[in-house]
Amino acid sequence: MKKVSIIFISLIFVVSCVGPEEPLDGLSKNTPIIVNTNEAFTFSLRAENYTTEENYNLTFSNQNPIEFTTVLIVTDFASKTSDTSYFDIFNANDSLLAHYDLNSNINVAPVENLEISAIPNKIFFKADDFSGFIQLVLAIVQ
């Protein structure tokens, strides 16, 4: 009977253990979430002293012309104002279409009509000890 009681109490402790708390926004620190489809590219990151250099090849369909939007939101910026983190967006000819410095809280959301030569094809992301939340969305507007 004593063994059964010990096993029962042990099971209660094992079942009542909980894992770490889930982040409220669903993002773990320093792990970017990327979705890349024919109609949209999204990049989400909650960063703390994050350093990286990454290239992302985009898979947008080659319709001509398209209505296109870019949304860039940076919040909770906690890096130095001299931070050299940025996004560069290129077309298929590797011509620079847009450059966004990530050195403060930002909210950018232009909608443009693009010819085929201006459709984004690649994104370069550089983070240099960046801390904050980044949400970048490039999308074809239907």
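1. A residue counts as partly exposed when its relative accessible area lies between the buried range, under 20%, and the exposed range, over 50%. Asp-94 has a relative accessible area of 48%, so Asp-94 is partly exposed. The model discussed here is predicted.

2. Asp-94 forms a salt bridge with Lys-122, with 3.2 Å between the closest N and O atoms. Asp-94 sits in the loop between strand 4 and strand 5, and Lys-122 is in strand 8, 28 residues apart. Lys-122 is partly exposed too, at 21%.

3. The whole structure holds three salt bridges. Another one joins the side chains of Glu-48 and Lys-29 at 2.9 Å, N to O. Glu-48 belongs to strand 2 (residues 40-57), while Lys-29 lies in the loop between helix 1 (2-16) and strand 1 (33-36). Glu-48 is partly exposed at 39%, and Lys-29 is exposed at 52%.

4. Arg-46 and Asp-76 also meet through their side chains in a salt bridge, 3.4 Å from N to O. This pair links strand 2, which holds Arg-46, to the loop between strand 3 and strand 4 (86-90), which holds Asp-76; the two are 30 residues apart. Arg-46 is partly exposed, at 24%.

5. The largest pocket has a volume of about 150 Å³. Strand 5 contributes the most to its lining, with three residues. The lining comprises 10 nonpolar residues, one polar and one charged.

6. Ala-118 is one of the residues lining the largest pocket. Ala-118 is located in the loop between strand 7 (111-114) and strand 8 (122-140), and is partly exposed at 21%. Its C-alpha atom is 9.8 Å from that of Ile-66, 52 residues away along the chain.

Note on methods: Residues are numbered from 1 along each chain as its sequence is written. This is a predicted model: local features need pLDDT of at least 70, side-chain atom pairs count only at pLDDT 80 or more; totals for chains, interfaces and linings use all residues. Side-chain values use heavy atoms; hydrogens and water are left out. Helices (H or I, at least four residues) and strands (E, at least two) are DSSP runs, numbered from the N terminus. Buried means under 20% relative accessible area, exposed over 50%, partly exposed in between (1.4 Å probe, protein chains only). On a 1 Å grid over the protein atoms alone, a cavity is a set of points where a 1.4 Å probe fits but cannot get out, and a pocket is an open set with protein on both sides within 12 Å along at least five of seven lines; lining residues have an atom within 4 Å of a point. Grid points are joined across faces, edges and corners, and a volume is the space filled by probe spheres set on the points. Ala, Val, Leu, Ile, Met, Phe, Trp, Tyr, Cys and Pro count as nonpolar, Asp, Glu, Lys and Arg as charged, and the others, Gly among them, as polar. A salt bridge is a side-chain nitrogen of Lys or Arg within 4 Å of a carboxyl oxygen of Asp or Glu.
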